[in-house]
Amino acid sequence: MSVPPRLASRLNETLGPDASGDLVTWLDELRREHAEQREASRDDFAELRQEMRAMESRIVEKLGGQMHAMEIALRNEIHAVDLKVERRSGDLIRWSFVFWVSAVAAIATLAGVLRN
């Protein structure tokens, strides 16, 4: 970007041709350095974004595998609890049957004794 003509003439009037030329040259160098630094920063940020995306995908992949393993373990535990409940229910029904059979037998025995 060049210096506008009006500014160039004002600088020449105020500073003289040598000083104004040096000032314009110095400002151009600063502008160029700033543009180079901005481009380097832009490249650094692009690289950082790529690294962050790669890290995010690795984290998601790792957590996804762990979540799947936890889900399988939880299903196995629930299945084990279901089996225990079924066993206890079977035991409860069996003992209820034994109790009622023995109660009916006792009543039948008492009825037989009382009839005689």
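Asp28 and Arg31 both lie in helix H2, three residues apart, which is about one turn of the helix; helices are DSSP runs of H or I with at least four residues, numbered from the N terminus. The model is predicted, with local features needing pLDDT of at least 70 and side-chain atom pairs counting only at pLDDT 80 or more, while totals for chains, interfaces and linings use all residues. Residues are numbered from 1 along each chain as its sequence is written, and side-chain values use heavy atoms, with hydrogens and water left out.

The side chains of Asp28 and Arg31 form a salt bridge of 2.8 Å, N to O, the term being used for a side-chain nitrogen of Lys or Arg within 4 Å of a carboxyl oxygen of Asp or Glu. Asp28 is partly exposed at 24% relative accessibility, as is Arg31 at 38%; buried means under 20% relative accessible area, exposed over 50%, and partly exposed in between (1.4 Å probe, protein chains only). Over the whole structure, five salt bridges are found.

A further salt bridge joins the side chains of Arg42 and Glu39 at 3.2 Å, N to O. Because they are three residues apart in helix H2, Arg42 and Glu39 are separated by about one helical turn. Arg42 has a relative accessible area of 46% and is partly exposed; Glu39 is partly exposed at 38%.

Asp91 pairs with Arg88 in a salt bridge whose closest N and O atoms are 3.5 Å apart. Asp91 is partly exposed, with 25% relative accessible area, whereas Arg88 is exposed, with 59%. Salt bridges with shared partners link Arg88, Asp91 and Arg94 into one network.

A patch of negative charge on the surface is made up of Asp43, Asp44, Glu47 and Glu51. Patches consist of residues with over 30% relative accessible area and no salt bridge, like charges being joined within 9 Å and nonpolar side chains (Val, Leu, Ile, Met, Phe, Trp, Tyr) within 5 Å. Glu47 belongs to helix H2, residues 17-115, and is partly exposed at 42%.

Ser20, also in helix H2, is buried at 5% relative accessibility. Its side chain makes a polar contact of 2.5 Å with the side chain of Asn12; a polar contact is a pair of N or O atoms within 3.5 Å, and within protein one must be able to donate a hydrogen and the other to accept it, with residues adjacent in sequence counting only if both atoms are side-chain atoms.

Note on methods: Accessible areas come from the Shrake-Rupley method with a 1.4 Å probe; for residues, only the protein chains shown count as cover. Lys and Arg count as positive and Asp and Glu as negative; His and the chain ends are not counted. The place of a charge is taken as NZ of Lys, CZ of Arg, CG of Asp or CD of Glu. Helices (H or I, at least four residues) and strands (E, at least two) are DSSP runs, numbered from the N terminus.
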